[in-house]
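Good morning, and thank you for coming.

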Amino acid sequence: MEYLFVGAIIGASIFIYRRWSLQAAMVDENKWTRATLDWAENRMRTNGAVAVERVLVVLNPIGGGGEAVRLSERLLDPLFSQTRVSAVKLLTSYKGHAFDYLSGDGGGDGGSLSRFDAIVSVGGDGILFELLNALWARRRMGDTAPPPLVCVLPLGTSNGVATSRDPELRAGGISAWQRAHVVLTRMLSGGSSDHFAFSGDAAGGEPRNALPAGSYRKGKGPAVDRAPVPVDLMVVDGGSAAATMVGSLSVSVGVVADIDLLAETRFRVFGKSLATPLSAVFTILRGRFYYPLRISYMPVFLEGGRVRTAGPRVSVEDRFAHVLAANVPFLAADFFVDPQAQLGDGVLHLQMIRARSVSRRKMISMFMGVESGEYLKQPFVERALVADLTIELLSGGGG
């Protein structure tokens, strides 16, 4: 009987919280939808045209608990109609769909990306991951044409790259709909927007960075323009050409990876505000996140903006509860993974927790500090700056 009462309290609390959140979000959504369409009306009245003519919209229909679809229907469709922009919409239906379409493997006529002036990514870091890998694959196959502008509308379960670019996306700052207003209006007016492009050898060189730029208006203050800044891209070698990819967020094994997997699958139905906390509680209480690993890395340090080798290569073997190499400061709006990480600092920020040094209670305490990054101050969190990292699963794992 006691468990039923506790369950009822938890269920009622979730219902009230979600209802309040939806009401607040709807007010914000209406405000910025109206502002964007009003801008479009004024632009067409005074200029008669916008800066782009053809746009590919890549949309994850379950992104952000359905919010991505709502933005497309309420904002993108009327906006592009009003500004007479020809838009092709790709609703992804399986993992890798965006990659297949853009790389030419999924019937998407990948050889004609030049017909698009911009690609609008509506979703989270998963969609952006596929877009970047598709563009990188095309370059490695000899496509030297400049890629279309890539504009990111952060409406996924996690929006680590966008939040690392604009920390104001966190609670109390600007909203995803406000950022959509800024990104879209600047794209259509020909101003700076998010722009991801590769530097280095166009035909087959390693991806060095991406270049996002943007602006935002917070409260009643003036718009703040953001100049392009480098974002390092990791090359993740899975042992074969097909398993080699680029990433912009992190590489992880252990509790964080297990939580992410559950949040994107079993608990996604609860929405982006509850999926991760529920997944964290379930994963930690279950306790099956210890993995026997061999971790090898080259330690480095930063000096005058340059990466310097700090010593010989390090190799450790142990059972680990958590291993994560962060490439950005935020993995999500509510996960400040490493306050010292910068978008283009050229290094990976490695953190490790050995299984023998942490209990479930300590792990729960640690996750209470992920929003502020305070969890890194726990004595059982080992840290290092690395430029090259190998993680090898020795045997078994997950228990």
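Is Tyr-375 buried or exposed? Tyr-375 counts as buried, with 2% relative accessibility; buried means under 20% relative accessible area, exposed over 50%, and partly exposed in between, with a 1.4 Å probe and protein chains only. Please note that this is a predicted model, in which local features need pLDDT of at least 70 and side-chain atom pairs count only at pLDDT 80 or more, while totals for chains, interfaces and linings use all residues. Residues are numbered from 1 along each chain as its sequence is written, and side-chain values use heavy atoms, leaving out hydrogens and water.

I turn to the aromatic rings. Rings of Phe, Tyr and Trp (its six-membered ring) pair if their centres lie within 6.5 Å; planes under 30 degrees apart count as stacked, over 60 as edge-to-face and the rest as tilted. The count by this rule is two aromatic pairs. In the stacked pair, Phe-330 and Phe-336 are 4.3 Å apart centre to centre, with 5 degrees between the planes. Phe-330 and Phe-336 are both buried. Phe-335 and Tyr-375 have ring centres 6.0 Å apart and planes at 70 degrees, so this pair is edge-to-face. Phe-335 lies in strand S16 (residues 335-336) and Tyr-375 in the loop between helix H9 (360-367) and strand S18 (382-393), so the pair ties together parts 40 residues apart in sequence. Here helices (H or I, at least four residues) and strands (E, at least two) are DSSP runs, numbered from the N terminus. Phe-335, at 12% relative accessibility, also counts as buried.
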